[in-house]
Amino acid sequence: MAEKITLELVTPYRKVLTEEVDEITATGALGEFGVLPGHAPFLTSLKIGELSYKKGGAVSHLALNWGYLEVKEDKAIVLVETAERADEIDLERAKAALGRAEEALKKLTIEDKDYRVMEAALERATIRMQVAAKAARK
Amino acid sequence: MPSLKAIKKRITSVKNTRQITKAMKMVSAAKLRRAQENVVAARPYAQKLGEVLERLAKSSDVEGIPLLEKRAAEKALLIVVTSDRGLCGGFNANICKAAERFLKEKKSDYSEISLLTIGRKGHDFLKNRHSIWKNHANVLSSPNYQIAALIAREVIDGFLLEEYDEVFLLYNAFRSVMSQDITLTQLLPIVPPAAEEEEHAPEYIYEPSKGELLKEILPKHVEVQVFRSLLESVAAEHGARMTAMDSASKNATEMIGKLTLQYNRARQAAITKELMEIISGAESIKG
């Protein structure tokens, strides 16, 4: 059994990272899960959420927007629309987006078409702030 | 024979034109490099998504998923990707001609073919001849995934509402700086990529179910295809413009050469004429 698992993170714009890691944690459609080396082949969709991976002793966090994770032969491929490393997150912007989304949600009802959109925006902003906060604590 | 002054003026004006075409070539070259990088950067995502889709489509029951379902083809939608700006050789003309050909050939196959144009040039060309369902202009200066996703979602919605039964995408694929391939692909219903039989296909764990995953991944596949066609088209456009401007600069240089020759000849003729006059004047005094 391999000691490490290769994590590949791909967005439509670029390959964000390719790294040998010890452990991956992400938020799937059915909740949070972890992937260790030697995991069985696995395919899941990811929700707006956080992805973290452990390499050596260090843990890194990323904020993800919608995507997929596939595990195959000690390789984890993550396909996402956007991915931001903790140090790339613009906290001011996230805060502003959070405020905007909250404002908009107050005016809308569940039936409105935009409700889902704003809700997603709210989630994204929250996750970004969460990830940024984790990076700041270190 | 035009006067010396007139020729001189022409030379200056052609020189000015050459300067502009040269500058445009430089700009296109820089933009082309960036566009090419974007195309290359988008490739892994599209490829990986294709792989996942292939695996899912192969192993699961594809019945009853609307985006894969082949309906009786009555109405079709053609998406034509052109550029917003001209001065890029035959880039737009070629794609418009291909669109015309498509419309003519398939006229008998469908009761109706609607058009969706991306880019101003294609819209300008086609709107006089056919009715345009929708147009997206000014999205090509910086093609991003959000815009592609928006267009794709619009197309998918129309497809699901049965406004059309088949969707085709027509765009210039980037082959090299010199040449573009006019590419026609079927966007909807999705034709799952032909799966190669793996000998030991590993048993996958799917979360949520395969069907659910497939339902989610298919729209993404459409988005990626639209996104890629935009990127390819932009790269091809800059390539075409660069080539066009290069040959324009060359033509201008050639023309300047010809005009300079003409100018020198006219000057020579004027000098000869003056000399003749002086000599004949002197002769007449002598005599």
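This is a predicted model: local features need pLDDT of at least 70, side-chain atom pairs count only at pLDDT 80 or more; totals for chains, interfaces and linings use all residues.
Colleague: What is the relative accessible area of A:Lys75, and how should I read that value?

Modeller: A:Lys75 has a relative accessible area of 33% and is therefore partly exposed. Residues are numbered from 1 along each chain as its sequence is written, chains are lettered from A and ligands numbered from 1 in the order in which they are written, and side-chain values use heavy atoms, with hydrogens and water left out.

Colleague: Which side chain meets A:Lys75 in a salt bridge?

Modeller: Side chains of opposite charge can pair when their charged atoms come close. The rule here asks for a side-chain nitrogen of Lys or Arg within 4 Å of a carboxyl oxygen of Asp or Glu. A:Lys75 pairs with A:Glu8, at 3.5 Å from N to O. Helices (H or I, at least four residues) and strands (E, at least two) are DSSP runs, numbered from the N terminus. A:Glu8 itself is buried, at 6% relative accessibility.

Colleague: Where do B:Asp124 and B:Arg120 lie?

Modeller: Both are in helix α3 (residues 120–126) of chain B; being 4 residues apart there, they are separated by about one helical turn. B:Asp124 is partly exposed at 29%, and B:Arg120 is partly exposed at 36%.

Colleague: How much area is buried between chain B and chain A?

Modeller: The size of an interface is often given as the accessible area lost when the parts come together. Here the buried area (accessible area, 1.4 Å probe, that two parts lose on being put together, summed over both) is about 2,400 Å², and carbon and sulfur atoms give 63% of it. In chain B, the residues that lose the most area to chain A are B:Tyr45, B:Lys48 and B:Glu207, together 29% of what that side buries. The contact (heavy atoms within 4.5 Å) takes 25 residues from chain B and 23 residues from chain A.

Colleague: How many salt bridges and polar contacts does the interface hold?

Modeller: The rule finds 2 salt bridges across the interface of chain B and chain A. A:Glu81 and B:Lys220 meet in a salt bridge, at 2.8 Å from N to O. A polar contact is a pair of N or O atoms within 3.5 Å; within protein, one must be able to donate a hydrogen and the other to accept it, and residues adjacent in sequence count only if both atoms are side-chain atoms. Between chain B and chain A, 8 residue pairs are in polar contact, both at pLDDT 80 or more. On the side of chain B that touches chain A, α1 (4–59), α4 (145–160), β6 (205–207) and α5 each supply at least two residues. α1(B) gives the most to that side, with 9 residues.

Colleague: Which side chain makes a polar contact with the side chain of A:Glu84?

Modeller: The partner is A:Arg128, at 2.4 Å. A:Glu84 is in strand β9 (residues 83–85) of chain A. Leaving aside residues up to four places away in sequence, A:Glu84 touches A:His61, A:Leu62, A:Ala63, A:Ile89 and A:Arg128.

Colleague: How many helices and strands does chain A have?

Modeller: Chain A has 2 helices and 9 strands, in the sequence order β-β-β-β-β-β-β-β-β-α-α. Of its 138 residues, 46% count as buried.

How values were computed
Buried means under 20% relative accessible area, exposed over 50%, partly exposed in between (1.4 Å probe, protein chains only).
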